[in-house]
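Thanks for coming. I will go through some helix packing and then some cavities, and I will say what each term means as I use it.

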Amino acid sequence: MEYLERPDVTQVLENLFANALDNRGRVVLIGGAPAIGKSDLLASFVESVVPQNALVLTATGSWMERDVPLGIVDQLIRSAPLADEVRSRALGFVDRQPYTPPDGTEILDRDEAREANFLSGALLDLAADRPLVIAIDDVHYSDWMTLKFLAYFCRRLRFSKVLVALTWSQVGAPDEGFFQSHFSTEVDRQPHCATLWVEPLSTSAVGAMVAERVDAPTADRLGSEWFALSGGNPILLRAALTDYLTSTHAAEAPETVCGGEHYGRAVVDCLHRGHPQELHIARGLAVLGRANGLATMLALSESAVQRSLRVLTATGVLSGSEFRSPAAASAILADLSAVGAGELRGRAAALEHESGAPATVVAEHLVLAEQFTEPWMAPVLQEAAGISMGAGRVAEALHFLLPARAHCHDSRRAAAILSMVARAQFQLNPESAVRYVDELIELIDQCLVSGADALTVVRILLWGGQFERAHGVLTRLCEPDFAAEGELFVELAITLPWITCTYPRFAAQLPQPAWPELENTRTGISINAGFRLESHWALSGLLSDALPDRALDELDSGLRLIRPDDTTIETMETALLALTYGGRPAAAARHCELLCAAASVRSVPGRATRMAAVRAEVALRQGDLAAAERFGRQALAALPTSSWGHAIGAPLATLVRALVAMGKLSDAKELLNLPVPPSMFDTRYGPQYLYARGRFSLANANPGAAYRDFTSCGEYLIDWKLDNPGFLPWRIDAAEACVELGRPQRALELIEEHLALCAPGVSRERGIALRARALASETRQRPPLLRRATEILRDSGDRYEFARSLVDLTATCHMLGDRRRAALIARMALSVAEECHAQGLISTLVGRGDATATTDSSPVTHNVLSDAEQRVASLAATGYTNREIAKELFITVSTVEQHLTRTYRKLDIARRVDLPNAMNLAVFAQLGARNSG
């Protein structure tokens with residue numbers, strides 16, 4: 001047997017045909033793996049001999065016709081130019097021939113031999129005057145009687161003008177032995193027979209084919225990848241090249257080679273050309289994803305599977321026991337009928353279940369099979385859903401839960417599954433979870449739902465503003481029979497503080513549980529549950545009073561350690577807001593970026609939407625108004641207003657405040673005209689909404705309406721014991737409204753109340769209070785208050801409030817006639833305001849002539865200045881005199897002058913007013929917070 005490249009095979013065939021022309025009849029067997037290109041070689045050869053006056057008779061074997069008696073002989077007879085009586089006799093013999101199963105012998109009986117001799121003579125007579133070429137493709141699919149006739153004929157053509165060319169494929173099924181052990185052996189031993197083996201294309205042959213379709217650099221760079229993808233199969237190679245060229249038309253040329261739509265179709269075509277068993281095994285492999293266990297799944301012998309895997313590897317579809325491209329498996333699965341896919345998936349599920357595979361693997365097969373007949377299936381689907389929920393793949397969990405619910409016949413398990421469905425839907429879209437509430441409440445009354453699951457119902461009811469029904473469920477949970485559950489004990493400890501700070505009006509009506517001290521649950525619970533508990537207690541404690549730095553440190557550390565997939569969006573939201581309201585928005589922003597980068601957050605729209613709302617709030621606290629607007633709009637656009645429920649107040653308030661600060665009052669007004677649910681004002685989000693509306697009215701020159709909103713906001717917060725200035729500094733804004741209304745004394749009273757509630761030390765809340773106190777004071781009393789406010793707000797990280805203090809300081813300097821200092825501070829104020837996109841502040845500065853709209857954007861690095869020079873320069877830029885700087889920094893006036901002289905020289909400026917804005921901003925970023933006096 002000769003192993004030849006494609007051009008060599010063609011040359012051998014041409015040589016054998018030349019022998020036939022010289023009355024030296026020849027037989028050639030062309031073997032190889034299925035779909036490797038043998039048929040194309042045979043067809044090309046046949047086309048080449050037709051112009052040489054050859055008579056060509058063709059036939060094709062098929063697995064579907066392998067049992068048709070003399071089927072291939074029938075094809076030859078009908079295409080041959082025989083005399084009518086010859087054709088009639090020959091067809092009569094074919095029609096009378098019964099199916100003969102392979103019996104291991106080539107012996108013809110007397111009648112068979114007579115007819116075979118007659119037909120052989122008739123074919124040889126056709127070659128009397130012109131060469132005869134008989135080309136039979138896939139001869140291994142012939143019936144046994146055909147093989148016996150062909151063997152008979154091939155033995156008699158040695159001295160004739162006949163060439164018989166037969167292609168056959170190596171197959172992995174046992175029935176290939178009948179062809180190889182009898183027919184091919186008998187024919188091959190004839191002296192006038194040649195046997196050729198067509199191998200897959202070599203790397204050089206693949207490179208040559210590739211070079212015909214793509215440019216030379218691409219062929220050199222990706223030639224090895226095309227060889228690996230096709231396995232040397234020309235059919236697969238051409239399809240892969242087509243995919244590549246198609247993708248280059250749609251976009252830039254891909255950097256690598258991968259299977260696409262054409263490649264997938266070519267794989268399926270190759271499999272259909274081969275033996276059905278190979279197709280069956282390829283389908284099983286595509287479903288199961290591995291060769292191990294394939295024999296058991298398909299009820300085949302291990303040897304049969306291994307034979308077929310070797311054939312599929314030779315074909316180029318596989319590399320060992322794996323598909324060369326995921327596109328192959330996808331195309332094979334798509335080619336399956338629904339019934340066939342269901343059967344294979346069902347077998348795969350049973351096999352994986354018996355072998356102890358992960359529940360998610362088994363469940364995926366079950367769902368795709370749509371077969372849920374066994375008792376073990378619903379528990380597996382439930383377990384898989386729990387794993388997916390824990391990993392944040394909520395949509396996948398529903399994928400498992402819905403069929404589990406439909407096919408679960410155990411009432412208690414069915415209740416647990418329904419609870420999981422409601423919880424998953426609540427995470428995806430709260431509105432869609434409401435439809436399960438009535439059924440779940442009935443199950444709670446029947447004690448079929450666990451206490452922990454019942455809390456899901458409470459959350460859904462609270463979201464929908466159904467406070468009375470939520471109260472009824474909580475009352476039921478606090479009864480002794482539910483109180484015995486340890487899991488409920490932990491979940492109540494986590495849920496009640498969240499209810500307290502989110503639904504404060506409802507919290508006052510909460511029933512007392514059957515045990516006294518829920519906060520003692522921290523002992524003996526998981527890290528995940530512990531973090532959830534700490535987060536909810538932190539926000540609740542922060543809003544009702546103050547939170548020590550140690551608690552905020554622990555929260556910060558917890559967020560560093562926790563994975564987004566390990567906890568709920570509610571917990572992440574609570575922890576981030578606690579950090580933000582606790583004066584650590586920079587830390588919250590850092591965690592937001594990490595959490596939002598996680599795939600689990602992106603995979604759940606509800607989670608991503610609520611995280612966008614938190615990011616907007618954090619950005620607002622940092623004075624990044626553009627980011628606050630971007631994230632706020634993203635949050636509101638992702639879900640319809642109805643899906644937010646009363647929680648719409650949070651992103652709505654944040655976005656309105658950002659737009660007001662940016663001077664986009666018409667946009668803010670449009671948002672405030674949106675309808676909000678009345679129940680929102682029974683939640684924490686109501687005061688947030690009122691506060692934002694007050695800021696709008698204040699900016700819109702309506703201080704009376706603003707004051708009413710701020711004081712209404714305050715009344716809610718005082719009544720609910722959530723009056724923390726870190727959350728909503730309503731008194732400061734109410735004080736500003738009072739100043740506008742000509743009530744400075746009331747303004748000062750509100751400011752003092754605010755300061756009394758501020759935690760000791762320097763904070764953003766203290767800085768905005770000092771700014772407001774300056775506005776309520778006499779003009780000459782304002783500069784020191786505003787300078788101190790500016791220092792504090794600069795270090796707080798809130799660039800917008802820092803810019804406001806600078807603008808007020810600029811205006812004060814103008815009022816006092818200090819135009820030089822006003823111009824210096826205005827430049828800095830304009831730079832910060834532009835960075836914040838605070839158009840209202842920019843318009844104020846430009847309109848008053850304090851600065852131009854375009855600032856100096858040339859970069860000036862702060863690294864050229866020492867720490868001492870940075871501090872002196874920043875105070876000088878803020879408007880401090882040399883004596884004031886010396887007093888502030890506890891140094892001499894002479895030292896201040898020396899620092900300024902060196903600063904001017906390093907920055908290449910001549911005087912104080914030339915201190916550049918870029919230097920000011922860089923310095924501010926370097927300065928640490930200092931305690932106020």
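Let me start with a question: in which handedness of crossing, left-handed or right-handed, does α5 pass α6? Before the answer, some ground rules. This is a predicted model, where local features need pLDDT of at least 70 and side-chain atom pairs count only at pLDDT 80 or more, while totals for chains, interfaces and linings use all residues. Residues are numbered from 1 along each chain as its sequence is written, and side-chain values use heavy atoms, with hydrogens and water left out.

Helix names come from DSSP runs (H or I, at least four residues, for helices; E, at least two, for strands), numbered from the N terminus. Two packed helices are described by the angle between their axes and the distance between the axes. The axes are lines fitted to C-alpha atoms, for helices over the stretch in contact, and the angles run from 0 to 180 degrees between N-to-C directions.

Now the first pair. Helix α5 (residues 110-126) and helix α6 (residues 144-154) have axes that come within 10 Å and cross at roughly 55°. That makes α5 oblique to α6; the scheme is under 35 degrees for roughly parallel, over 145 for roughly antiparallel, 65 to 115 for roughly perpendicular, and oblique for the rest. The answer to the opening question is that α5 passes α6 in a right-handed crossing. A crossing is left-handed if the near helix is turned anticlockwise from the far one by less than a right angle, and right-handed if clockwise. Contact means heavy atoms within 4.5 Å, and the residues making it include Leu 119 and Leu 123 of α5 and Phe 149 and Phe 153 of α6. By class, this contact has nine nonpolar, two polar and two charged residues. Here Ala, Val, Leu, Ile, Met, Phe, Trp, Tyr, Cys and Pro count as nonpolar, Asp, Glu, Lys and Arg as charged, and the others, Gly among them, as polar.

Next, α44 (799-815) and helix α45 (residues 819-836) pack at an angle of about 160°, with axes 8 Å apart. The two are therefore roughly antiparallel. The crossing of α44 past α45 is left-handed. Among the contact residues are Phe 802 and Leu 806 of α44, and Ile 825 and Val 832 of α45. The contact of α44 with α45 counts 15 nonpolar, two polar and four charged residues.

On to cavities. How many of 30 Å³ or more does a search of the whole structure find? The search finds eight. On a 1 Å grid over the protein atoms alone, a cavity is a set of points where a 1.4 Å probe fits but cannot get out, and lining residues have an atom within 4 Å of a point. Grid points are joined across faces, edges and corners, and a volume is the space filled by probe spheres set on the points.

The largest cavity has a volume of about 420 Å³. It is lined by 30 residues, with Glu 573, Arg 610, Trp 644, Ala 647 and Tyr 685 nearest its centre. The lining has 16 nonpolar, eight polar and six charged residues.

The second largest cavity holds about 90 Å³ of space. Its lining includes Arg 621, Arg 657, Asp 798 and Tyr 800. The elements giving two or more residues to that lining are α33, α36 and α44. By class, the lining has four nonpolar, no polar and six charged residues.

Definitions and conventions:
On a 1 Å grid over the protein atoms alone, a cavity is a set of points where a 1.4 Å probe fits but cannot get out, and a pocket is an open set with protein on both sides within 12 Å along at least five of seven lines; lining residues have an atom within 4 Å of a point.
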